[in-house]
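Please consult the sequence and structure shown here.

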Amino acid sequence: MRKDALERSENMRRDGFTVRCDIMICCEEDDASGTGPPRYICQHFSTLLESKVGADVTFEVSGETFAAHRCVLAARSTVFMAQLFGPMKEGTTSSVIRIEDMEAKVFRALLRFIYTDSFPEMEKECVRWLQGLFTAADRYDLQHLKFICEKRLSEDIGVSSVASTLVLAEQHDCSGLKMACFKFIQAQSSSCLKRVMSTNGWGHLMMTYPSILNEVIAKLASKKRKKHST
């Protein structure tokens, strides 16, 4: 547009005008039709784990052995990276690496998550299994798995498990899970609280983490004050 025409244009306001630009970003499709073949990477890695093809490390857990691939484990876990390729590898040069204080079904689930990035389901999911998987996730620095376990444990707190879950939350510095346990305890009747306090988990809590017991008492006292004030 010529200068004189621009100056006479209705678009000119106080010696200035606004230019509007519409930008369209086009992403390349997998093929000309816009639909590509499905991606099976999780399935492929699951098959790799099950077939044991190329496996170069073996773990023994609670009497069961598991074959795996060092590179896959190291890529997913900083702890496995250090254990298998870093300063800790001196202790893992044997043909079989023994893992203590873990159930075989928990380690199997841990491997499944490492290879597929999906939460391993059990036919009958139990709190003890979840607690074990939560501990394993924290042990091997699998934060997303730890987050999933924390969420499920928070949703599955019961009279028989709240004390052991509370201990677990304290051991692994999990404030969200700890608060969920406190809320559950606060919401219970006197008869339910007696059942909670009769569990083995509660006895372990009193012996090992008396500071948590003080927090529980404070929460219950706060609930009682609020009830009287209303």
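## Packing of H5 and H6

Helix H5 and helix H6 (residues 127–139) pack at an angle of about 55°, with their axes 9 Å apart; axes are lines fitted to C-alpha atoms, for helices over the stretch in contact, and angles run from 0 to 180 degrees between N-to-C directions. H5 and H6 are therefore oblique to each other, a class left after roughly parallel (under 35 degrees), roughly antiparallel (over 145) and roughly perpendicular (65 to 115).

In H5, Lys105, Val106, Ala109 and Leu110 meet Trp129, Gly132, Leu133, Ala136 and Ala137 of H6, contact meaning heavy atoms within 4.5 Å.

## Basis of the model

The model is predicted: local features need pLDDT of at least 70, side-chain atom pairs count only at pLDDT 80 or more, and totals for chains, interfaces and linings use all residues. Residues are numbered from 1 along each chain as its sequence is written, and side-chain values use heavy atoms, with hydrogens and water left out.

## Nonpolar cores

A nonpolar core is a set of buried Ala, Val, Leu, Ile, Met, Phe, Trp, Tyr and Cys residues joined through side-chain atoms within 4.5 Å, where buried means under 20% relative accessible area (1.4 Å probe, protein chains only). The largest such core has 40 residues, and Phe59, Leu73, Phe107, Leu110, Leu133 and Leu145 touch the most other members. Its largest share, nine residues, comes from H5 (residues 104–116).

Leaving aside residues up to four places away in sequence, Leu110 touches Leu133, Ala136, Ala137, Tyr140, Leu142 and Leu145. A second, separate core of 19 residues includes Ile157, Leu166, Ile212 and Val216.

## Whole chain

The protein chain has twelve helices and three strands, assigned as DSSP runs (helices H or I, at least four residues; strands E, at least two) numbered from the N terminus. Of its 230 residues, 36% count as buried.

Technical notes
Buried < 20%, exposed > 50% of the residue type's maximum accessible area, 1.4 Å probe, protein only.
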